[in-house]
Amino acid sequence: MALLTPNELYNVSQEFEKNNNIVKRATGLSIEDICESVYNTKLGSEKIGIIPITAGNGIIGNFAESLFTITNYLELDGFITEHTDVAGYYEAIKQYADILLMADDYLFIAHNLKNGKIATNHVCTGVIYAEIASRCNYADTKDILVIGLGKVGYAGASHLIKKGFNVYAYDPDKMALEKAVSELGVRPYDIYNNGKRFCMVFEATPNENTITEDMISERCLVSTPGIPCGLNPELGKNYDVDLVMEPLLIGVTSMLYSVV
Ligand code: NAI
Ligand code: 0TF
(Lines give C-alpha, C1' and ligand atoms only; values in the text may rest on other atoms or scores of the structure.)
(Ligands and ions follow the chains in the order given, each with its own letter.)
Protein backbone atom coordinates (compact mmCIF):
# COMPACT_ATOMS: atom_id res chain seq x y z
CA MET A 1 0.00 0.00 0.00
CA ALA A 2 1.30 3.48 -0.88
CA LEU A 3 1.65 5.40 2.38
CA LEU A 4 0.76 9.03 2.91
CA THR A 5 3.55 11.54 3.44
CA PRO A 6 3.46 14.55 5.79
CA ASN A 7 3.57 16.90 2.75
CA GLU A 8 0.31 15.45 1.43
CA LEU A 9 -1.26 16.30 4.79
CA TYR A 10 -0.43 19.98 4.68
CA ASN A 11 -3.38 22.40 4.83
CA VAL A 12 -5.87 19.54 5.24
CA SER A 13 -8.72 21.63 6.59
CA GLN A 14 -8.50 24.12 3.69
CA GLU A 15 -8.40 21.21 1.23
CA PHE A 16 -11.45 19.63 2.89
CA GLU A 17 -13.34 22.94 2.77
CA LYS A 18 -12.37 23.53 -0.88
CA ASN A 19 -13.57 20.05 -1.84
CA ASN A 20 -16.75 20.44 0.17
CA ASN A 21 -17.54 23.56 -1.89
CA ILE A 22 -16.97 21.64 -5.14
CA VAL A 23 -19.21 18.81 -3.88
CA LYS A 24 -21.93 21.32 -2.95
CA ARG A 25 -21.75 22.97 -6.39
CA ALA A 26 -21.84 19.66 -8.30
CA THR A 27 -24.37 17.77 -6.17
CA GLY A 28 -26.30 20.38 -4.19
CA LEU A 29 -25.27 18.64 -0.93
CA SER A 30 -22.34 18.84 1.46
CA ILE A 31 -20.07 15.86 2.20
CA GLU A 32 -21.73 15.58 5.63
CA ASP A 33 -25.24 15.60 4.04
CA ILE A 34 -24.16 12.85 1.64
CA CYS A 35 -22.71 10.75 4.48
CA GLU A 36 -25.95 11.14 6.47
CA SER A 37 -27.93 9.91 3.52
CA VAL A 38 -25.61 6.96 2.71
CA TYR A 39 -25.39 5.62 6.27
CA ASN A 40 -28.68 6.97 7.63
CA THR A 41 -26.82 8.25 10.69
CA LYS A 42 -26.12 11.60 12.36
CA LEU A 43 -23.03 12.54 14.34
CA GLY A 44 -23.60 13.55 17.97
CA SER A 45 -20.84 14.66 20.30
CA GLU A 46 -18.92 11.38 20.32
CA LYS A 47 -15.52 11.29 21.97
CA ILE A 48 -12.91 10.17 19.43
CA GLY A 49 -9.60 8.69 20.64
CA ILE A 50 -6.88 8.96 17.99
CA ILE A 51 -4.05 6.49 18.68
CA PRO A 52 -0.69 6.96 16.90
CA ILE A 53 0.71 3.58 15.82
CA THR A 54 4.45 2.96 15.45
CA ALA A 55 4.30 -0.48 13.74
CA GLY A 56 5.91 -0.94 10.32
CA ASN A 57 6.96 2.36 8.79
CA GLY A 58 5.89 4.15 11.96
CA ILE A 59 4.20 7.45 12.72
CA ILE A 60 3.34 9.63 9.73
CA GLY A 61 3.84 13.32 10.54
CA ASN A 62 0.53 15.24 10.47
CA PHE A 63 -1.56 12.02 10.32
CA ALA A 64 -2.99 12.01 13.89
CA GLU A 65 -3.13 15.84 13.78
CA SER A 66 -5.19 15.71 10.57
CA LEU A 67 -7.62 13.26 12.16
CA PHE A 68 -7.90 15.61 15.13
CA THR A 69 -8.66 18.47 12.71
CA ILE A 70 -11.59 16.61 11.16
CA THR A 71 -13.04 15.73 14.59
CA ASN A 72 -13.02 19.47 15.39
CA TYR A 73 -14.56 20.36 12.04
CA LEU A 74 -17.36 17.84 12.62
CA GLU A 75 -17.82 19.20 16.17
CA LEU A 76 -16.82 15.92 17.78
CA ASP A 77 -14.74 15.63 20.93
CA GLY A 78 -11.41 14.40 19.54
CA PHE A 79 -8.13 13.80 21.32
CA ILE A 80 -4.75 12.29 20.41
CA THR A 81 -3.39 9.88 22.99
CA GLU A 82 -0.03 10.78 24.52
CA HIS A 83 1.07 7.16 24.31
CA THR A 84 1.28 5.09 21.13
CA ASP A 85 0.18 1.54 20.31
CA VAL A 86 -1.18 -0.65 23.14
CA ALA A 87 -0.47 1.97 25.79
CA GLY A 88 -2.33 4.52 23.64
CA TYR A 89 -5.25 2.10 23.27
CA TYR A 90 -5.37 1.69 27.06
CA GLU A 91 -5.20 5.46 27.51
CA ALA A 92 -8.08 6.03 25.05
CA ILE A 93 -10.28 3.55 26.93
CA LYS A 94 -9.38 5.15 30.29
CA GLN A 95 -10.31 8.57 28.80
CA TYR A 96 -13.78 7.20 27.88
CA ALA A 97 -13.36 7.36 24.11
CA ASP A 98 -16.52 6.28 22.25
CA ILE A 99 -14.74 5.72 18.94
CA LEU A 100 -11.11 4.77 18.28
CA LEU A 101 -9.23 5.77 15.11
CA MET A 102 -5.93 4.01 14.37
CA ALA A 103 -3.89 2.89 11.38
CA ASP A 104 -0.89 0.75 10.63
CA ASP A 105 0.62 0.29 7.15
CA TYR A 106 -2.10 -2.19 6.12
CA LEU A 107 -5.33 -1.14 7.75
CA PHE A 108 -6.93 2.05 9.00
CA ILE A 109 -9.98 1.49 11.19
CA ALA A 110 -12.68 3.30 13.14
CA HIS A 111 -14.12 1.23 15.99
CA ASN A 112 -17.15 2.37 17.95
CA LEU A 113 -16.79 0.82 21.40
CA LYS A 114 -20.39 1.69 22.35
CA ASN A 115 -22.25 -0.06 19.54
CA GLY A 116 -19.53 -2.44 18.28
CA LYS A 117 -19.51 -1.04 14.71
CA ILE A 118 -16.17 -1.16 12.92
CA ALA A 119 -15.22 0.42 9.57
CA THR A 120 -12.19 0.35 7.30
CA ASN A 121 -10.80 3.36 5.49
CA HIS A 122 -10.61 1.65 2.08
CA VAL A 123 -14.28 0.64 2.03
CA CYS A 124 -15.57 3.95 3.45
CA THR A 125 -13.37 5.93 1.04
CA GLY A 126 -14.64 3.91 -1.94
CA VAL A 127 -18.25 4.32 -0.87
CA ILE A 128 -18.14 8.10 -0.31
CA TYR A 129 -16.16 8.99 -3.47
CA ALA A 130 -18.36 6.71 -5.60
CA GLU A 131 -21.48 8.20 -4.02
CA ILE A 132 -20.26 11.76 -4.67
CA ALA A 133 -19.62 10.94 -8.36
CA SER A 134 -23.07 9.36 -8.65
CA ARG A 135 -24.78 12.48 -7.32
CA CYS A 136 -23.65 14.77 -10.14
CA ASN A 137 -26.69 16.99 -10.63
CA TYR A 138 -26.09 17.64 -14.33
CA ALA A 139 -25.83 13.94 -15.33
CA ASP A 140 -28.72 12.77 -17.49
CA THR A 141 -28.01 9.00 -17.42
CA LYS A 142 -27.19 6.35 -14.82
CA ASP A 143 -23.96 5.45 -16.62
CA ILE A 144 -20.85 5.84 -14.46
CA LEU A 145 -17.20 4.96 -15.09
CA VAL A 146 -15.05 3.33 -12.41
CA ILE A 147 -11.29 3.38 -13.04
CA GLY A 148 -9.30 1.04 -10.78
CA LEU A 149 -10.79 -2.01 -9.04
CA GLY A 150 -8.46 -2.47 -6.09
CA LYS A 151 -9.56 -2.24 -2.47
CA VAL A 152 -11.06 1.25 -2.77
CA GLY A 153 -12.39 0.95 -6.35
CA TYR A 154 -14.05 -2.42 -5.77
CA ALA A 155 -15.88 -1.10 -2.68
CA GLY A 156 -17.08 1.94 -4.63
CA ALA A 157 -18.16 -0.14 -7.65
CA SER A 158 -20.07 -2.51 -5.38
CA HIS A 159 -21.86 0.46 -3.77
CA LEU A 160 -22.83 1.87 -7.18
CA ILE A 161 -24.17 -1.48 -8.43
CA LYS A 162 -26.30 -1.80 -5.28
CA LYS A 163 -27.67 1.70 -6.01
CA GLY A 164 -28.77 0.62 -9.49
CA PHE A 165 -26.19 2.48 -11.61
CA ASN A 166 -24.87 1.18 -14.93
CA VAL A 167 -21.28 0.69 -13.84
CA TYR A 168 -18.59 0.55 -16.54
CA ALA A 169 -15.18 -0.35 -15.15
CA TYR A 170 -11.56 -0.53 -16.24
CA ASP A 171 -8.51 -2.05 -14.59
CA PRO A 172 -5.42 -3.27 -16.51
CA ASP A 173 -5.24 -6.12 -13.98
CA LYS A 174 -7.39 -8.67 -15.80
CA MET A 175 -8.06 -10.72 -12.65
CA ALA A 176 -9.36 -7.64 -10.83
CA LEU A 177 -11.63 -6.77 -13.77
CA GLU A 178 -12.94 -10.33 -14.17
CA LYS A 179 -13.66 -10.54 -10.43
CA ALA A 180 -15.70 -7.32 -10.54
CA VAL A 181 -17.55 -8.51 -13.67
CA SER A 182 -18.45 -11.90 -12.18
CA GLU A 183 -19.08 -10.86 -8.57
CA LEU A 184 -20.64 -7.42 -9.03
CA GLY A 185 -21.91 -7.37 -12.60
CA VAL A 186 -19.90 -4.34 -13.78
CA ARG A 187 -19.54 -3.85 -17.56
CA PRO A 188 -15.94 -3.97 -18.80
CA TYR A 189 -14.84 -0.66 -20.35
CA ASP A 190 -12.55 -1.18 -23.32
CA ILE A 191 -10.05 1.71 -23.31
CA TYR A 192 -8.93 0.97 -26.90
CA ASN A 193 -12.32 0.69 -28.51
CA ASN A 194 -14.99 2.64 -26.77
CA GLY A 195 -16.91 5.62 -28.11
CA LYS A 196 -18.61 6.24 -24.78
CA ARG A 197 -17.95 9.35 -22.68
CA PHE A 198 -19.00 9.76 -19.07
CA CYS A 199 -20.36 12.63 -17.02
CA MET A 200 -19.71 10.74 -13.75
CA VAL A 201 -16.28 9.23 -13.07
CA PHE A 202 -14.99 7.54 -9.92
CA GLU A 203 -11.23 6.93 -10.07
CA ALA A 204 -9.25 4.92 -7.47
CA THR A 205 -5.73 4.18 -8.68
CA PRO A 206 -2.26 5.16 -7.45
CA ASN A 207 -1.29 6.40 -10.94
CA GLU A 208 -1.34 9.65 -12.93
CA ASN A 209 -3.09 10.18 -16.29
CA THR A 210 -5.49 7.26 -15.86
CA ILE A 211 -8.36 9.44 -17.10
CA THR A 212 -8.07 10.00 -20.82
CA GLU A 213 -9.77 12.56 -23.05
CA ASP A 214 -12.05 10.01 -24.73
CA MET A 215 -13.50 8.88 -21.37
CA ILE A 216 -15.04 12.17 -20.24
CA SER A 217 -17.68 14.60 -21.41
CA GLU A 218 -17.44 18.36 -20.89
CA ARG A 219 -18.41 19.61 -17.43
CA CYS A 220 -18.16 16.11 -15.89
CA LEU A 221 -17.66 15.27 -12.24
CA VAL A 222 -14.50 13.33 -11.40
CA SER A 223 -14.37 12.01 -7.84
CA THR A 224 -11.02 10.47 -6.94
CA PRO A 225 -9.22 9.54 -3.74
CA GLY A 226 -6.26 8.30 -5.82
CA ILE A 227 -2.84 9.67 -4.92
CA PRO A 228 -1.40 11.10 -7.13
CA CYS A 229 -4.43 12.43 -9.01
CA GLY A 230 -5.38 10.46 -12.16
CA LEU A 231 -6.67 13.57 -13.96
CA ASN A 232 -4.15 15.67 -15.83
CA PRO A 233 -4.73 19.34 -14.80
CA GLU A 234 -4.68 20.54 -18.44
CA LEU A 235 -7.38 18.00 -19.41
CA GLY A 236 -9.41 19.00 -16.37
CA LYS A 237 -9.21 22.65 -17.40
CA ASN A 238 -10.05 22.02 -21.07
CA TYR A 239 -13.13 19.98 -20.16
CA ASP A 240 -14.20 22.23 -17.27
CA VAL A 241 -14.17 19.22 -14.94
CA ASP A 242 -15.45 19.44 -11.37
CA LEU A 243 -12.71 17.55 -9.52
CA VAL A 244 -13.17 16.15 -6.01
CA MET A 245 -9.82 14.95 -4.66
CA GLU A 246 -8.50 15.08 -1.12
CA PRO A 247 -5.94 12.80 0.59
CA LEU A 248 -7.59 11.81 3.89
CA LEU A 249 -10.45 13.69 5.50
CA ILE A 250 -13.37 12.89 3.15
CA GLY A 251 -12.71 9.18 3.71
CA VAL A 252 -12.41 9.68 7.47
CA THR A 253 -15.70 11.60 7.55
CA SER A 254 -17.29 8.61 5.81
CA MET A 255 -15.72 6.24 8.40
CA LEU A 256 -17.11 8.25 11.32
CA TYR A 257 -20.65 8.42 9.88
CA SER A 258 -20.52 4.69 9.15
CA VAL A 259 -19.85 3.70 12.78
CA VAL A 260 -22.13 6.04 14.76
P1 NAI B 1 -4.95 -0.96 -4.73
O2 NAI B 1 -3.49 -1.13 -4.97
O3 NAI B 1 -5.70 -1.96 -3.93
O4 NAI B 1 -5.72 -0.82 -6.13
C5 NAI B 1 -5.30 0.02 -7.17
C6 NAI B 1 -5.89 -0.52 -8.46
O7 NAI B 1 -5.67 0.43 -9.49
C8 NAI B 1 -5.24 -1.85 -8.90
O9 NAI B 1 -6.25 -2.83 -9.11
C10 NAI B 1 -4.53 -1.46 -10.20
O11 NAI B 1 -4.47 -2.52 -11.14
C12 NAI B 1 -5.41 -0.32 -10.69
N13 NAI B 1 -4.78 0.54 -11.69
C14 NAI B 1 -3.50 0.91 -11.78
N15 NAI B 1 -3.31 1.68 -12.89
C16 NAI B 1 -4.52 1.79 -13.49
C17 NAI B 1 -5.00 2.45 -14.66
N18 NAI B 1 -4.17 3.15 -15.45
N19 NAI B 1 -6.31 2.35 -14.96
C20 NAI B 1 -7.14 1.64 -14.19
N21 NAI B 1 -6.75 0.98 -13.07
C22 NAI B 1 -5.45 1.05 -12.73
O23 NAI B 1 -5.10 0.50 -4.08
P24 NAI B 1 -6.30 1.04 -3.19
O25 NAI B 1 -6.08 0.68 -1.78
O26 NAI B 1 -7.58 0.68 -3.85
O27 NAI B 1 -6.05 2.63 -3.28
C28 NAI B 1 -6.21 3.31 -4.50
C29 NAI B 1 -5.66 4.74 -4.34
O30 NAI B 1 -6.45 5.44 -3.37
C31 NAI B 1 -4.22 4.79 -3.83
O32 NAI B 1 -3.57 5.88 -4.45
C33 NAI B 1 -4.39 5.08 -2.32
O34 NAI B 1 -3.26 5.71 -1.77
C35 NAI B 1 -5.58 6.02 -2.38
N36 NAI B 1 -6.34 6.15 -1.14
C37 NAI B 1 -6.75 7.41 -0.83
C38 NAI B 1 -7.56 7.64 0.25
C39 NAI B 1 -8.05 9.03 0.50
O40 NAI B 1 -8.66 9.29 1.55
N41 NAI B 1 -7.85 9.96 -0.43
C42 NAI B 1 -7.96 6.55 1.13
C43 NAI B 1 -7.49 5.24 0.70
C44 NAI B 1 -6.70 5.07 -0.41
O1 0TF C 1 -1.00 5.91 4.41
C2 0TF C 1 -1.86 5.12 4.69
C3 0TF C 1 -3.09 4.97 3.84
C4 0TF C 1 -4.03 6.05 4.33
C5 0TF C 1 -5.30 6.04 3.65
C6 0TF C 1 -5.96 7.39 3.77
N7 0TF C 1 -5.62 8.19 2.64
N8 0TF C 1 -2.74 5.11 2.44
N9 0TF C 1 -1.83 4.33 5.77
C10 0TF C 1 -0.78 4.35 6.73
C11 0TF C 1 -1.21 5.08 7.97
C12 0TF C 1 -0.17 4.92 9.03
C13 0TF C 1 -0.41 5.84 10.22
C14 0TF C 1 0.71 5.74 11.25
N15 0TF C 1 0.86 4.41 11.76
C16 0TF C 1 0.39 6.73 12.37
O17 0TF C 1 0.82 7.91 12.27
O18 0TF C 1 -0.28 6.34 13.34
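Reply: A polar contact is a pair of N or O atoms within 3.5 Å. This is a predicted model. With that cut-off, a nitrogen atom of ligand 2 contacts a polar backbone atom of A2, and the distance is 3.1 Å.

Me: Which backbone atoms lie 2.9 Å from an oxygen atom of ligand 2?
Reply: The cut-off for a polar contact is 3.5 Å. A backbone N or O atom of L4 lies 2.9 Å from an oxygen atom of ligand 2. For I60, a backbone N or O atom also lies 2.9 Å from an oxygen atom of this ligand. The residues asked for are L4 and I60.

Me: How much of the accessible area of ligand 2 does the protein cover?
Reply: On its own, ligand 2 has 500 Å² of accessible area.

Me: How do the residues of the shell around ligand 2 divide?
Reply: The shell holds 15 residues, and L4, I53, I60, A103 and P247 are the closest. One residue of the shell is charged and two are polar. The nonpolar residues number twelve.

Me: Which residues are the closest to ligand 1?
Reply: Ligand 1 is surrounded by 23 residues. They divide into eleven nonpolar, eight polar and four charged. The closest are K151, V152, D171, N207 and E246.

Me: What share of the area of ligand 1 does the protein bury, and which elements give two or more residues to its shell?
Reply: Taken alone, ligand 1 exposes 870 Å². The protein buries 81% of that. The elements that give two or more residues to the shell are α5 (121–134) and α6 (151–162).

Me: Is N40 buried or exposed?
Reply: N40 lies in the loop between α2 (31–39) and β1 (47–50). Its phi is near 55°, a positive value in a residue other than glycine. The cut-off for exposed is over 50% relative accessible area. At 71%, N40 is exposed.

Me: What is the relative accessible area of N209?
Reply: N209 is not a glycine, yet it has a positive phi of about 55°. Its place is in the loop between β9 (198–203) and β10. N209 is partly exposed, with a relative accessible area of 47%.

Me: What is the bridge partner of I50 in β2?
Reply: β1 and strand β2 (residues 77–80) run parallel, joined by four bridges. Together with helix α3 (residues 63–73), these strands make a right-handed β-α-β unit. In β2, the partner of I50 is I80.

Me: Why is helix α9 largely enclosed by the rest of the structure?
Reply: A residue is buried under 20% relative accessible area. The buried residues of α9 include L249, M255 and V259. Helix α9 (residues 249–259) is largely enclosed because its buried residues number eleven of the eleven.

Me: Which are the edge strands of the open sheet of six strands?
Reply: The order is β8-β7-β6-β9-β10-β11, with parallel pairing. Within the sheet, four bridges join β9 to β10, and F202 stands opposite S223 in β10. Each edge strand pairs on one side only: these are β8 (187–188) and β11 (242–244).

Me: Which side chain makes a polar contact with the side chain of D242?
Reply: D242 is found in strand β11. It is buried, with a relative accessible area of 4%. At a distance of 3.4 Å, the contact partner of D242 is the side chain of R219.

Methods
Residues are numbered from 1 along each chain as its sequence is written. Chains are lettered from A and ligands numbered from 1 in the order in which they are written. This is a predicted model: local features need pLDDT of at least 70, side-chain atom pairs count only at pLDDT 80 or more; totals for chains, interfaces and linings use all residues. Side-chain values use heavy atoms; hydrogens and water are left out. A residue is near a molecule or strand if one of its heavy atoms lies within 4 Å of it. A polar contact is a pair of N or O atoms within 3.5 Å; within protein, one must be able to donate a hydrogen and the other to accept it, and residues adjacent in sequence count only if both atoms are side-chain atoms. Accessible areas come from the Shrake-Rupley method with a 1.4 Å probe; for residues, only the protein chains shown count as cover. Ala, Val, Leu, Ile, Met, Phe, Trp, Tyr, Cys and Pro count as nonpolar, Asp, Glu, Lys and Arg as charged, and the others, Gly among them, as polar. Buried means under 20% relative accessible area, exposed over 50%, partly exposed in between (1.4 Å probe, protein chains only). Two strands pair if DSSP finds at least two bridges between them. A crossover is right-handed if, with the strands pointing away from the viewer, the path from the first strand over the helix to the second runs clockwise.
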